[in-house]
Amino acid sequence: MPARSDTHARGPIRGPRSVAGGLLLVGLAALALYLTRDLSQGTLRSMGPGMVPRMLAIGLGLSGLVLVGVGLVRAGHPLERFSLRGPVVILLAIATFALTIRPFPLGGITTPGLGLLGAGPLTVVIGGFASPEGRLRENLVLGLGLTACAMLLFGDLLNLPIPMFPEAYAALFPDGWSQDGRLRVTAGLLAGVAVALLLVGPRRSEARIGVAGQSRGA
Amino acid sequence: MGDLLANLALGFGTVLQVVPVEVPGLGPVPLPMNVVLCFVGCLVGTLIGVLPGVGPVATIAMLLPITFKFDPTGALIMLAGIYYGAQYGGSTTAILVNIPGEATSVVTTLDGHQMARQGRAGVALGIAAIGSFVAGCVATVVIAALGAPLTRLALVFGPAEYFSLMVMGLVFAVVLARGSILKAVAMILLGILLSTVGADLETGQERMTFGQSFLSDGIDFAVLAMGLFGIAEILRNLDHTEARDVVRQAIGRLLPGRDDLRQSGLPILRGTAIGAVLGILPGNGAVLGPFASYTLEKRLARDPSRFGTGAIEGVAGPESANNAGAQTSFIPLLTLGIPPNAVMALMVGAMTIHGIVPGPQVMTKNAGLFWGMIASMWVGNVMLLIINLPLIGLWVRLLKVPYRLMFPAILLLCCVGIYSINAMPTDILFIGLFGAVGYALIRLDFEPAPLLLGFVLGKLMEENLRRALIISRGEMSTFVERPISAGLLLVAVVLLVVALLPTIRRSRDEVFVE
């Protein structure tokens, strides 16, 4: 993404943001037209599945072209420089959650299903680095604490169908234990580790805020 | 009149109903379950809604799963509570931090935050709550009074009328959107286009699904909403270096004094009237309420220069309009089955999950649910008054949590929330995708709100368009030959022309700049 410091770009493109936006719309319209190429159009009296999407795509493409035209003629906003760190790290964190919450076939391999026990802390620890201020220990404390709260809230209290932990982990408990019991003990353990991590490390002024962050999830 | 009272009685009966609840250790205990749900909804709604950058749409999408456990009436009452809580949370953030949680609380930042800086945050929050309460009371009666007649109106609506009504709604959304009209139109087209993904409703043929089975049911609304309003918002906030301006001054007393009340009495009533009327319009007219109320109060004020420096009327009027609009926007949904904005679309999703098809038949088939939900609006307003004011200290502390600790929590809540709706990992991947798309759109000056509205209405529009044309044997003229449909389209055209007129355009820009 080119960075321009002046407010009005020089050269043939006078409104780069408008041109980029227009091109995006044209691209999306072209994609839609390509995807609907095999669908029958039908007549007004009996419309086929392709008619409405195709008309919308044409409309979208036309608005895109007008925007490109406006950007070429009228001076407009430049494209701003932005950091890729946020989007890349956040998307990575989301993908991690999606792929580890339960086994997910990905090409030839299947990802391990870690349940919320694994997916929760992983997502928070990875996602936390989306901000340049992210610190590993802080993210870890936050991740474990939030996961403990999420387990109690979504699993114990609301009984939502979310895998909580991998089967191998559940098998560690003696047979007589109920699912809720396992859940509560696990949440307790997570919270305990989080508190221990908080207390062990070097004291920073932000440490106390970490606690506030946990209690918020409850 | 008698009907109105009887219906309200039914509603309050439903809300206040006492049912035995199994409490561990105590056995069955009689509890007014719906009141409890409304209370919990308001509380968690405020808790999430108060977080900067989390508006009502993202809040409801995140919290939707927590209502699954309950019966339909309870679930919808709780969701309505979450909605009011999120709304009020947004106003709290606007006053205390100068960050509007969503479009409707933008106006509140102007004078509300100035009041907070003068050490009158408590009074600002107090008058906002009182104004909202008054507005809520009036709006509840308005809904109860208009519900029945409008439902009868819905019965004379055919597919052509429905289609034209939705066109009018979308034109409204275009006119109300900030920035370029062309961009708003493009976003609406894109939204409708996205709604056509999935199996065709008549032939069942797959459309734009890339051959993937999880797309054949179409894109889930909650997934799109959470991506565009939850994840994209995180990405946008990460761009700004942290400069949150939490009020350092004392919150001050909460109850407005006699002078404050005298100054805000009429603005509250005027704001309520404006908000209630605009809220009924399809196409998210509720957004306009606070702007209109603020402009009106400024015009009517003896000394307009006070506005922007902490005038209490500038908080009281718009906040009342905001809440009145938030409630009356239930009317198109409950009577015609058309969601006028993204929040109501989520309500449709919630109703569908519980097996209720929104529309005029709800009032006859599920009378208890219908009137219960309306009565719960009033109860929800009382709750807000009771819980929010004493808890202001907590919200202030919450707002001081740095964003780097806040966004991972929002992220996790989004992931867990969306997974528990359909138990599909692909849904989680899609909130990431839509988040990235939404972020790109925001960076390119497109507004995601019209996109979402287009998506909400898209399926219904296509269905009604096709049906209308089958009935008319392919004659497009059916839309202008039927008088109601023609009238609605005429309003749409007039609106669009007026919005495009240069003079109006300039003042429209001014309103949004203000």
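Q: What makes helix 10 (residues 258–280) of chain B and helix 12 (residues 313–328) of chain B roughly parallel to each other?
A: In this predicted model, the axes of these two helices cross at roughly 30 degrees and come within 7 Å. Angles under 35 degrees count as roughly parallel, so helix 10 of chain B and helix 12 of chain B are roughly parallel to each other.

Q: Which hand does the crossing of helix 10 of chain B and helix 12 of chain B have, and which classes of residue make the contact?
A: Helix 10 of chain B passes helix 12 of chain B in a right-handed crossing. Their contact holds eleven nonpolar, 13 polar and two charged residues.

Q: Why is helix 8 (residues 181–195) of chain B called oblique to helix 20 (residues 448–471) of chain B?
A: These two helices pack at an angle of about 45 degrees, and their axes are 7 Å apart.

Q: How do helix 5 (residues 106–117) and helix 6 (residues 121–156) of chain B pack, and what residues do they use?
A: Their axes are 7 Å apart, at an angle of about 145 degrees. Helix 5 of chain B contributes B:Gly112, B:Met115 and B:Ala116, and helix 6 of chain B contributes B:Ala121, B:Val123 and B:Ala124. Five of the residues in this contact are nonpolar, one is polar and none is charged.

Q: What makes up the side of chain A that touches chain B?
A: In total, 66 residues of chain A are in contact with 55 residues of chain B. Among the helices of chain A that each supply at least two residues to that side are helix 1 (16–35), helix 2 (51–73) and helix 8 (207–216). The side divides into 41 nonpolar, 20 polar and five charged residues.

Q: How much helix is there in residues 18–35 and 55–75 of chain A, both listed under "transmembrane region"?
A: The unreviewed UniProt entry gives that annotation to these residues, among others. Residues 18–35 of chain A are 100% helix and 0% strand, with end C-alpha atoms 26 Å apart. Residues 55–75 of chain A are 90% helix and 0% strand, and their end C-alpha atoms lie 31 Å apart.

Q: Where is "domain: DUF1468" listed in chain A, and what does the domain assignment give?
A: UniProt, in an unreviewed entry, lists "domain: DUF1468" for residues 20–163 of chain A. That span is 63% helix and 4% strand, with end C-alpha atoms 42 Å apart. The domain assignment gives domain 1 (16–73) and domain 2 (85–216) of chain A, and 43 Å separate their centres, taken over C-alpha atoms.

Terms used:
Residues numbered from 1 in each chain as written. Chains lettered and ligands numbered in written order. Predicted model: local features only at pLDDT ≥ 70, side-chain atom pairs only at ≥ 80, totals over all residues. UniProt positions renumbered as here; feature names shortened; annotations may be inferred. Axes fitted to C-alpha atoms, helices over the stretch in contact; angles between N-to-C directions. Contact = placed C-beta atoms within 7 Å. Nonpolar A, V, L, I, M, F, W, Y, C, P; charged D, E, K, R; others polar. Domains from an automatic or database assignment. Parallel < 35°, antiparallel > 145°, perpendicular 65-115°, else oblique. Left-handed = near helix turned anticlockwise from the far one by under 90°.
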